[in-house]
Amino acid sequence: MEKAILVYNPLSGDRSIANRIDHIIGRFQKEGILLQPFRITENESNNLKSVLKQNKYKYIIASGGDGTLNYASNFILKLGLSVPLGVIPSGTCNDFASMLNISSDLDENIDTILAGKTVKVDVGLINNKDYFLSSCAGGVFVDVSYSTNNDLKKNFGPFAYYLKALGEVANLKSVRLKVETDNTVIEEEAFMFVIINGKHVGGFDNILKNADYSDGMMDIIVVKCCKHINLASIFFKVLSNESINSKHVITLKAKSCEITADRELVLSVDGEKGPSLPVKVEFIRQALDVFVP
């Protein structure tokens, strides 16, 4: 039998994936695929690295949120594995899966992987070291995804993020931001920036209508420092799935950029805590194969 591996996070989303492992293994076994489960826990990086290097898998499946997909894809890319990534989205927000129109239904996910159709997607590379799939962001609200209590996320889903963000409104602080791209330099007092691969971020759809996950270009959004009522208007547009066109928002396209600030700013990378500024980010075109419907 051919072998595949399922890398899963038992604490993602409503935590139901752990109860469905046997069903998942059974579906693949019926198709002649021996699926090996690998449970993500703290300090497992070396173990997973060893497993991936010692075994030849037909593909790697990741089940969890965007952070879990980031975790699995970094192993694929850093180890130079020529295998596609299968996605079973089971996180609170699943931006990467949404970007590729991957269903939230488990059996449809399995059908998609077994059908074998793949696309090549861009990936971002931070400081020539770590890869990301959907977003890299800094500033107000961006720590919500990794600082929100897991039980709150389990019980309230994406709404947990809004609850957490509401508690931060009174303490908004801007930062002096410098963004240098291939041909542009921007210096602004800003609330936040987001680098996006595709159209989805933070659980919201179509943030930028013309974004493309396979063109080798990143989309950069900078929200300038403005009155709270103007900031609320911007986020209302996002919630309403409207264009975020505003005099308080700058949008750019670039293959690479360097971002610095006048104070320490910790980033959110695919919804997980990342490095602090300054950072250098570049996009690698169509670097990862992913199963899609």
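**Aromatic pairs and buried residues in a predicted model**

Tyr71 and Phe75 both belong to helix α3 (residues 66-78) and stand 4 residues apart, about one turn of the helix. This is a predicted model in which local features need pLDDT of at least 70 and side-chain atom pairs count only at pLDDT 80 or more, while totals for chains, interfaces and linings use all residues. Residues are numbered from 1 along each chain as its sequence is written, and side-chain values use heavy atoms, with hydrogens and water left out.

Me: What makes Tyr71 and Phe75 an edge-to-face aromatic pair?
Reply: Rings of Phe, Tyr and Trp (its six-membered ring) pair if their centres lie within 6.5 Å; planes under 30 degrees apart count as stacked, over 60 as edge-to-face and the rest as tilted. The rings of Tyr71 and Phe75 are 5.2 Å apart centre to centre, with 80° between the planes, so the pair is edge-to-face.

Me: Why is Phe193 called buried?
Reply: Buried means under 20% relative accessible area, exposed over 50% and partly exposed in between (1.4 Å probe, protein chains only). Phe193 has a relative accessible area of 1%, and is therefore buried.

Me: Which residues is Phe193 in contact with, leaving aside its neighbours within four places in sequence?
Reply: Among them are Cys136, Leu177, Ile221 and Leu277, contact meaning heavy atoms within 4.5 Å.

Me: How do you know that the buried residues of α5 line one face of the helix?
Reply: In α5 (residues 106-115), Leu106, Asn109, Ile110, Thr112 and Ile113 are buried. Seen down the axis, these residues fall within an arc of 155°, so they line one face.

Note on methods: Helix = DSSP H or I, 4+ residues; strand = E, 2+ residues; numbered from the N terminus. Arc of directions from axis to C-beta.
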